[in-house]
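Here is a friendly briefing to read with the model open beside you. Where do the charged side chains meet, how is the sheet put together, and what lines the main pocket?

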Amino acid sequence: MNTDIPQEILNYFSGCAHKCAEAGLFSCSSGNLSLRLSELSGDSGLALLSATGSWLEELREDQIALCRISDGRCLNGVRPTMEAGFHLGVMRRRPEVGCVLHFQSPYATVVACMKDKPKDFNVTLEGPLYVGREIPVVPFLPPGSDELAAAVVEALADHDIVLMSNHGQVACGKDFPETFRRAVFFEMACRVIVLSRGNCTTI
């Protein structure tokens, strides 16, 4: 199997990571990104993942892992994010998903740490289109664990965003642009909720 990743694909992936960082979705080495390779090359059995410990705001080409979706095997010698389990698990469960993004944007992460989390995030017009009314919540589970991966995959079986208690959030979509918009609008909704101290109306 040819494991050489074309330069334009490497550039696209690192550009996606940088765009998320510029939008304030990450801090330091928090967060990770994956793209089904069919988004770019037509091979639906492979995915690109950010490397473990990498800072997405300055992601380098040598920090992009190539993995087989079916079994998670790394094919290019770059160790993928410790959360590869749910990235690849979501892609296995939902063949239409081309991008998975784990992010820790400021206000959404505050919400993930709340004792009483909001039940409805549709505080702006974009909510119904990009966020969805109900956001599933998984309890705190050790990062990188099989238990967390299974919980996230199950929560995203019929949703596109999940809150991981005291950890962060995961969004998915058919491609990077859809996933990115979903994450940005979710952060905006959480900002409204946090700054209003929950004293806001929903649509």
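In this predicted model, R182 is a buried residue, with a relative accessible area of 8%. R182 forms a salt bridge with D160, and their closest N and O atoms are 3.6 Å apart. Because R182 sits in helix α6 (residues 176-195) and D160 in the loop between α5 and β6, the pair ties together parts that are 22 residues apart in sequence.

**Salt bridges**

- The structure holds 7 salt bridges.
- Are D160 and R94 buried or partly exposed? D160 counts as partly exposed because its relative accessibility is 24%, whereas R94 is buried, with a relative accessible area of 12%.
- Another salt bridge joins R60 to D62, with the closest N and O atoms 2.9 Å apart. R60 is partly exposed, at a relative accessible area of 45%.

**The sheet**

- What is the order of the strands in the open sheet? The 7 strands run β3-β2-β1-β4-β7-β6-β5, and the pairing is mixed.
- β3 (64-68) and β5 stand at the edges, each with a single partner strand, so one side of each has no neighbour in the sheet.

**Strand β6 and its neighbours**

- Side chains of β6 point two ways: I161 and L163 go one way, V162 and M164 the other. All four of these residues are buried.
- With β5 (residues 137-138), β6 pairs in the parallel sense over 2 bridges. V138 is found opposite M164 in this pairing.
- The β5, α5 and β6 elements make a β-α-β unit that is right-handed.
- With β7 (residues 168-173), β6 runs antiparallel, joined by 4 bridges. Within β7, G168 stands opposite M164, and V170 is the bridge partner of V162.

- How many of the 10 residues of α2 are buried? The number is 7, so α2 is largely enclosed by the rest of the structure.
- The buried residues are A84, F86, H87, L88, G89, V90 and M91.

**Positive phi angles**

- N166 has a positive phi of about 55 degrees, although N166 is not a glycine. N166 belongs to the loop between β6 and β7, in a hairpin with 3 residues between the strands.
- N166 is partly exposed, with a relative accessible area of 49%.
- R197, which is not a glycine either, has a positive phi of about 55 degrees. R197 lies in the segment after α6.
- R197 is exposed, with a relative accessible area of 79%.

**The largest pocket**

- Rolling a probe the size of a water molecule over the atoms shows where empty space is left.
- The largest pocket has a volume of about 180 Å³.
- Which residues lie nearest the centre of the largest pocket? They are S29, G31, N32, T81 and M82, out of the 16 residues that line the pocket.
- By residue class, the lining divides into 12 polar, 3 nonpolar and 1 charged.

Methods
Residues are numbered from 1 along each chain as its sequence is written. This is a predicted model: local features need pLDDT of at least 70, side-chain atom pairs count only at pLDDT 80 or more; totals for chains, interfaces and linings use all residues. Side-chain values use heavy atoms; hydrogens and water are left out. A salt bridge is a side-chain nitrogen of Lys or Arg within 4 Å of a carboxyl oxygen of Asp or Glu. Buried means under 20% relative accessible area, exposed over 50%, partly exposed in between (1.4 Å probe, protein chains only). Two strands pair if DSSP finds at least two bridges between them. A crossover is right-handed if, with the strands pointing away from the viewer, the path from the first strand over the helix to the second runs clockwise. On a 1 Å grid over the protein atoms alone, a cavity is a set of points where a 1.4 Å probe fits but cannot get out, and a pocket is an open set with protein on both sides within 12 Å along at least five of seven lines; lining residues have an atom within 4 Å of a point. Grid points are joined across faces, edges and corners, and a volume is the space filled by probe spheres set on the points. Ala, Val, Leu, Ile, Met, Phe, Trp, Tyr, Cys and Pro count as nonpolar, Asp, Glu, Lys and Arg as charged, and the others, Gly among them, as polar.
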